[in-house]
Amino acid sequence: MKNIKQALIIAQLTIEENIRKKILYILLFLSFALIAFSASFTSFDLGAQVTIMKDISLSGIALFGIVLTLSLFLNVIPKEIETKTIYPFITQPITRGTYITGKYIGLMSIIAVNLLILGLELMVVMKIYSDNWNVMIINSIILNILQCGIIGGLMLLFSLFTSYPLTLSITLFLYILGGVSTPYIQYLQGRLPKVLLDFVVFIKLIIPKFDCFNIKDAVVHMNALPQGYFAWATIYGLAYVIITVMIATILFEKKDL
Amino acid sequence: MEFVIEAENLSKTYKTEGKKILALDNLNLKIEKGQIFGFIGPNGAGKTTSIKLFLGLIHPTSGTVKVLGKPAGSPEAMEKIGYLSEIAYYYKFLEAKNLLRYYASLKSLSKEEADKRIDLNLKLVGLYDRRNEKLKGYSKGMLQRFGIALALLGNPELLILDEPTSGLDPIGRKEVKDIIKRLRSKGISIFLSSHNLSEVERLCDSIGIINKGKMISNKKISEFLSYDKNVYTMTIQDKEDKIAKLFKEKNIKIEQTENLHLKTTLPSNDIPEIFKLVSDNGGVVVNTIPGYGDLEEIFFELVAPKEDKEDKKDKDKKDKEDKKDKEDKKDKEDKKDKEDKKDKEDKKDKENKKDKEDKKDKEDKKDKEDKKKKKNKKVKAKEN
Amino acid sequence: MFFSKYIKIMFITLVLIFISINIPIVYAQDNTTEVQKESIESTDKSKTTETSKEETEEDESDENDSEHKHEHSHVNTDLTGENAEFGREEHHHDHEHDECEYFHKAWREPGTIDIMKKYSLILFSLFGIIVIYRLISKRN
C-alpha cells in the first residue's frame, strides 16, 4: 500500500515535470488540426466522407500516440541519472521499483489523457457529421493507449542499458516486427538465410503482436469485433506492460547511479 | 557499542572504456553513534564513491556495508538518513515548499506533520521568506540551504553531508557549523566529507583520511593532533633567521614550515616571554593555537607521496638558497648605497672645505691687498 | 576505442533496419497452419451434423478456399444508433496477392484471441513466478 502511494506521488511529480514540455502541446495541436482538416473533405458523399475522416483521424491519433511515447520515454531515466536529479529520490525510503513504476505511470497518464482528448474530439466530429457517437472509437483509443504503454515499457527497459539512438532503433524495430502480419512473413520465408530466420522467429515469439491493438479498420468500416476480442486484447496488452516494467525494475535495481 | 555505519572490506571497481579502475580498496570503517566523523582526502581519493556505497546509489564489487544496522540503500535504512549532496540536484520548476512536501510524503509523514517540519527547517536555514519561490531563482548558497532543510526533513538519526559549507558566505558557513553542533547535541550522528580542513578539525570527533582508495588513517581528533590543552604551537614570520638563532641559543626547539615561517611548541606559561622575544627582534607572531601542529600539516604528511616529499625538500632548499641570495644581494646593495652615500658626503665635505679654504684665501688675499693699499697710501701721504 | 564502439552501434542499427524491412517469420507458418486446421475442423463438423443454410455457405466457402481470404465489410447505412456499429454485411473476396494482405489486421484472424489468451497466461504466470522468487530471496 505504501509503495503504491509512493509510486503515485512520483507519478504526480512526473506529470508536473512533463506537462511543461512544449512538444506535448505542439503534437496535440497538430493532431487536433488533422482531425479538423479531415472534416474538410467535402468532395465525397457523406458516407465516404465520414469513413475517410475516421480513417485519417484514427491513423493520426495512433501516430501521435507513438511519437509522444517515443519523445517522453526516450530519456526519462538516463536524463535523471545524468543530471543527478534522481539522487534526492533514491536517497528517500522508496525502492527503485517504486520509483520507476511511478515514472511510468506518470508518463502513461499524460499519453492516455492526450489520446482520450483526441478520441473525444473525433467522437464529437462524428456526432456532428453522422449523428452517431461511434463509441467504438473509444475502444480503438484504449487499445492505442495499451500499444503506447508497451512501446513506452520497451523504451524504458532499453534506455537503462543502451544509448538514445540504439533505444529508439531497437524499439522501432520491435514495433515494426510486431506489427507485420503473417502472409507477408510467409512470403519471405524462403528468401532469407535460415540463421537469420531462426533469430527473427525467436524474437517474434517473445515480442508483443502490435497488430492485435490495431482495430482501426473495424472502427472505420463499423465491423463487429469477435466476441471477447477487446477484453482479451486489453488483458494481453496489460500483461506485456506489466512484464516490461518488471524487467525494467530488475535491471534498474542492479544499475549503478 | 552501536555503529551507524559499518563497512567491511568494501571495494569498488569501475569499468570504463575497457579499463578497470579501483576506486575503493578494502575499506574497513565503523562509525559510532552520536559522533561527528570527518572524512577527508584529496580529489579522486574515493570519498564520493564511499558515500554512494553507504547510500546504496552504487553496488560494491566486494565487501559489505550496513547503515543503521540495515543493508545500505534499503528503504528501512533510508528512512532515518538525511543526505546533502555536494552539488544541488533538485527539480528547479517547483517552489521550495511544494518540493519539500513531495519529499515529505515519500517519507510517509502526514500532511500536518510535514508542513510543520518544513516550516521549521526552512526557518532554521533562513529560507522561510522565500519558501514560495521556485528553485530556479535560488542562488547556489540558497540551494545548499534548501538541501540542508531537505536532509533534516525526516528527523534523521544519521546525516551524511558532502561539503555542507560549499558555496556559502562566511555567515552561512557559521550558521551551518552551528546547526551541525546543535544536531550533535541532540544525538544525531554526522558523517562529514569536506575539503575545509579547519572546519573538520573544529567540528569532528573522529577523522578518517582516505587516499587512492585506501583508508590511511582513522583516529579520534585528540589522537590525531596529540591534543594537550597546556601546550601551544606558535607560528612566527619575519626575521626568521635571527629569531631561529636566538631560539637555538635558548634551546627552544624550532622548525620551518613549508611557507618558510617558523614553528615552535611551548608550554602556555612561556608564551608571554617568547612573544616579547619575537617582537623585540622584529618578528611577528602569526598565530598561537593549542595542541601540536594542525590537521593540514598532518594531512599533507600522510597524503603527499614520497617523491613529492623529496621534490618538496629540494624546493625548500632551493627556496632557502634563493632567499639567502636575495638577502645577500640586498645587503650588498645596502652596503653599496651606504658607501655611495658616504662617498657623496665626503665629496660634499671636501667641496665645502675647499670652498671654505678658497673663501678664506680670498679674504686673506683681499685683506692683504687692502693692507698693502693702506700701506702704500700712508707712504704716499708721508712722501707728500 | 571510440571508433570501434561507433562502428558497433552503426552495424547493429543497420542489421535491425535490414531485418525490419525483410522480416521472415516462421511463426507465420504456424499461424497459417492453425487457421487451416480450424477450417478443416469446421469442414468435418459440417459433414457429420445437419447445418443451417448460413453454416453450409460458410463451410463451402471454407472448403473451396485454399488460399487466404479477406472479409471486407461495408457500412450499413440502414441501421442507426448503436446497432450501426454491430451491423455488417459480409463480402468474400479471393485475392492472390493483395497488397493489404501483407498488413492483414490480426483481429480478423480467428486464431488471434487464442494467441492472446495463451500469451497473457504465460506472461502473468511469469510475473507471478518472478514476484514469488523475489519475495523468497528477500526473506532469505
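In what order do the elements of chain A run from the N terminus on? I read off α-α-α-α-α-α-α-α-α-α-α-α. My tally for chain A is 12 helices and 0 strands; both are DSSP runs numbered from the N terminus, helices being H or I with at least four residues and strands E with at least two.

Ground rules for myself: this is a predicted model, where local features need pLDDT of at least 70, side-chain atom pairs count only at pLDDT 80 or more, and totals for chains, interfaces and linings use all residues. Residues are numbered from 1 along each chain as its sequence is written, while chains are lettered from A and ligands numbered from 1 in the order written.

Next I checked the overall dimensions. The C-alpha atoms of chain A fill a box of roughly 60 × 50 × 35 Å along the principal axes.

Then packing. I found 49% of the 257 residues in chain A buried (20 or more other C-beta atoms within 10 Å of a residue's own, with C-beta atoms placed from the backbone).

Last, the partner chain. I get 19 residues of chain A in contact with 20 residues of chain B (C-beta atoms, placed from the backbone, within 7 Å). On the chain A side, α1 (2-18) and α5 (87-90) each supply at least two residues.

Technical notes: A residue is buried if 20 or more other C-beta atoms lie within 10 Å of its own, exposed if 12 or fewer, and partly exposed in between; C-beta atoms are placed from the backbone. Two residues are in contact if their C-beta atoms, placed from the backbone, lie within 7 Å.
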